[in-house]
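This short report looks at salt bridges. It asks which side chains pair up, and where the partners sit.

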Amino acid sequence: MLAATLLATTVTNPLAEVVAADAVQQPNQKGISSEKNNDIKLSQEQIDQFDKFVVVKDNSYVLDSKVNQNFSTNEVLVVKEMLNTSNREVKNNNLIIDPDTKEILDQNASPFVIMAAYNKNYTTKAFWWGKRYYFTSNIAVTRGARYFRHIASLRNDQSLFLSALGDSIAYASPYATLAANVASMGVGYVAGQYNGAASALVSYNNRHNQIYLDMNRTFQYSLNILK
């Protein structure tokens, strides 16, 4: 029920066609960092490649078997875990997956939500791989960076998890596996990623307007321009 409540405030973005230009990937995103699945970190570029093999059938995410020919076994296992978790969240909370955009939606949310060209608040969309944050004003960037730094300042698994859910209440999507991922990767690592995202967001905004930040379930982020 909590996740359903969280998604009730998700903003549905009518700008379905997003063009990535001058994209910023965080440094040293090379995929597998060890033999353990919990240590595998997928860049957003890798997520985008996997997404080509993800389809929506009967309101569930399904991974095409051809994916095994293109990625390592450990990478595929991590993505399957992401998909299974997303499918559980969708089923347990009576959510909907848009078959075209693959976005997770709350059918009880207000249909009269408009994505403004200028918005004081950042908005988000939920996908199988994580969350996309939209920033269409300097104020929204400031608030987003403040939120990321707030997450980074926390020092225990439970508070980190609850803080991420707090963000969801205002802006976003269910993130049910966050606590487990934090526990496996370490709070220090996750805090560093959120601090890095905050700094990268501010820097990127100094050069571009109308931007978005992707943060996936392995806590890798990237920045792109909205067009």
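## Glu103 and Lys125

The side chains of Glu103 and Lys125 form a salt bridge, at 3.7 Å from N to O. The term salt bridge means a side-chain nitrogen of Lys or Arg within 4 Å of a carboxyl oxygen of Asp or Glu. Glu103 sits in the loop between strand 4 (96-97) and strand 5 (104-105), and Lys125 in strand 6 (residues 123-127), so the pair ties together parts 22 residues apart in sequence. Helices (H or I, at least four residues) and strands (E, at least two) are DSSP runs, numbered from the N terminus.

Glu103 is buried, at 3% relative accessible area. Lys125 is buried as well, at 5%. Buried means under 20% relative accessible area, exposed over 50%, and partly exposed in between (1.4 Å probe, protein chains only).

## Basis of the model

This is a predicted model: local features need pLDDT of at least 70, side-chain atom pairs count only at pLDDT 80 or more, and totals for chains, interfaces and linings use all residues. Residues are numbered from 1 along each chain as its sequence is written, and side-chain values use heavy atoms, leaving out hydrogens and water.

## Further pairs

The structure holds four salt bridges. One of them joins Arg217 and Glu89, at 3.4 Å from N to O. Arg217 lies in the loop between strand 8 (211-216) and strand 9 (221-225), and Glu89 in helix 3 (residues 73-92), so this pair links parts 128 residues apart in sequence. Arg217 is buried at 4%, and Glu89 is buried at 5%.

Arg132 and Asp214 also pair, at 2.6 Å from N to O. Both residues are buried.
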